[in-house]
Amino acid sequence: MSLTPELRRDMYRQMLRSRAFDDAMIGLYWVGKTPIFAFANGPLPGELHCSNGAEPVGAGVCAALDADDMITADHRPHHVAIARGVDVRRMAAELLGKKTGLSQGKGGHMHIYAPEVNFASSGIIAEGMAPAAGMALARRLQKRPGVALTFMGEGAANQGAFHEVLNLVGVMKLPFICVVQDNEWGVSTSKKESTAVERNSDRASAYGMAGEYVASNDPDDIYEAAARAMARARSGGGGTILELRTARLAGHFMGDQQAYIPAQMKQADPIPPYRAKLVAAGVLTEAEADAIAAAATAEIAEAVAFAQASPYPAAEEAFDHVFAA
Amino acid sequence: MSRILTMARAGREALDWEMERRSEIFVLGEDVYNFGGIFGTADGFGAKYGADRVINTPISETGFIGMAAGAAMAGMHPVIDLAYIDFIGVCYNVLLNTASKTHYMSAGQVKVPMTLMIGTGGGYNNAAQHSQCLHATVAHIPGVKVVYPSNAYDAKGMMHTSLRDENFVIYLTHKGTAGVGWMGTPIKTTLSEVPEEPYTVPFGKIAVTREGTDVTLIGLGMSVHECLKAAVDLARDGISAQVVDLRSLAPLDRDGIFAAVSKTGRMVVADEDYLSYGVSGEVIASVVERDPRVLRAPPVRVCTPDIPIPFARPMEQHILPLAGRIADAARMICTRKTEQ
């Protein structure tokens, strides 16, 4: 694969689908939550961690994957799930706790399971690490192809699981990529305060694997770095820590005013510059770019309508699925 | 054909039989390849199955038990040897939030079939960090099956059942019951006639290990054997004690417990786990919530008190729920007048 016009148009499209999804969810989230803010109120209850600003990560990395590859994501999963091809109608329904949701209303937005595209997420920080490595091990034992990727924030790189699993991946030479999304903030704690090294990708040398840092939040650069890491994993060259400088434009979660972020650290939206870049390169016309945006908005509006029209699960369904029969 | 086996050999036989026939089963853990696991459950498996299926890991329980959960999600059935339950602190999130919750949170889209073997218990002077039972701490988590064989027959049958289950199963063995070299002569009542052919023992069914009419002594793991010793002692005093082996904590056979206790009207629960917030209280609740009138005397718990397990022999032997304490408790409620 290479950075063809089709691929770049598709990455742009995935970024806009993700942004449209999150913008729609943010709109729904505030319904019923004013003037008194309470997580439990409104049609979209609970915590909501939106991906605004991180869309290039999902689009760029997922463009380098095959159907066999496997993903675990974290509490901020939308941009990765959407770029991976998770059904947005059922994902929207899951966020609203509806019976038609991916998990019939048992997961919510942090727990997105879509085995048909090898996607799972966990709300516990860095706890996607080990399951992803285990999936890579399973494929090796099954003699089937597939690289496992876990997506996390830079804050997760200070968890014990991160270090234990990287060592295991290094020892076992597993086809594994740890995608560290460096948005500079773990809730309100800056990377500088929390992390002893400037770049988590430098930690790769401690675990006998490759490390690469992409500073641009541009899906072209992210795609090329991901493609290098994928080639390494597929050829038996082992794991990679792929650290991607990205943005967190909508706070840690809804309700986070981000007053702790100093003015000089305000983050830029990656979508307008990528659009301008593709137009300047002749990959897209302005009209085509507008059409992609309009199609994404319409697709998500339809998904939200589907979710809103869907029924809630019956209360008694709480007792289903505790165990596999 | 059957032979007399220890629990460790019986469990090993079941694992071996299933591994020979099912390529999705593999063993993962510390010291499993050369050492066969701390209880010898995978003894000789390294040479027989090779390093692909008997995978030695570094001392990284969060890492490799989490990997097992991921491998299970991707179609394998990992078997993990976590030597001592005292070590769950270093991998508890995997138990608490991943292996136990994924099936539910995915509405059944993703299964996590894995078997986690853990040794429990004290009584051999290993102090507060290597002697705990903590079975209530794992049985408290929804989405986990927790089984606890106390003899070789059940050890084999429950291992087959665990390996054929599509869920996360924690298979507990009290170290003192396993019959491994470093724990001295095996306790006689842990040994059983074990058929060579495979068989399953269902989860969620108590076993009445000894019939009796005056009092029901309920145990799990090692305390079953202490209850059996107490029953022999009580018989000398003319007290007929029934002994119940819980065998499975999740699911818990509440109907079976109620039926057994209804027969005698008196109950003593012997549990080597800590007294408070534990299995002992849960067992009593299974009876009194349904009908307290079946009890002719208040129920009694004989447990490890709420203190860290002491090292020195006189102190440790004093606090464990051994046969003497169990028999004393039974005598007390059997001689006490029925309260009107």
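Student: How many residues of chain A are in contact with chain B, and how many of chain B with chain A?
Tutor: This is a predicted model. Contact here means C-beta atoms within 7 Å. By that cut-off, the count for chain A is 35 residues, and for chain B 35 residues.

Student: Which element gives the most to the side of chain A that touches chain B?
Tutor: Two elements of chain A give two or more residues to that side: α5 (129-142) and α6 (160-172). With 12 residues, the one that gives the most is α5(A).

Student: Is helix α7 of chain B largely enclosed or open?
Tutor: Helix α7(B) runs over residues 152-164. Its buried residues include B:Tyr153, B:Asp154, B:Lys156 and B:Leu163. In total 11 of its 13 residues are buried, so α7(B) is largely enclosed.

Student: What distance does α7 of chain B reach from its first C-alpha to its last?
Tutor: The helix has 13 residues. At 1.5 Å a residue, 18 Å is expected. The model comes close to that, at 19 Å.

Student: What is the radius of gyration of chain B?
Tutor: Chain B has 13 helices and 14 strands. For its 340 residues the globule rule gives 20 Å. The chain's own value is close to that, so chain B is as compact as a globular protein of that length. Its radius of gyration is 20 Å.

Technical notes:
Residues numbered from 1 in each chain as written. Chains lettered and ligands numbered in written order. Predicted model: local features only at pLDDT ≥ 70, side-chain atom pairs only at ≥ 80, totals over all residues. Contact = placed C-beta atoms within 7 Å. Helix = DSSP H or I, 4+ residues; strand = E, 2+ residues; numbered from the N terminus. Expected span 1.5 Å × (residues − 1). Buried ≥ 20, exposed ≤ 12 C-beta atoms within 10 Å, placed from the backbone. Rg over C-alpha atoms; globule rule 2.2 N^0.38 Å.
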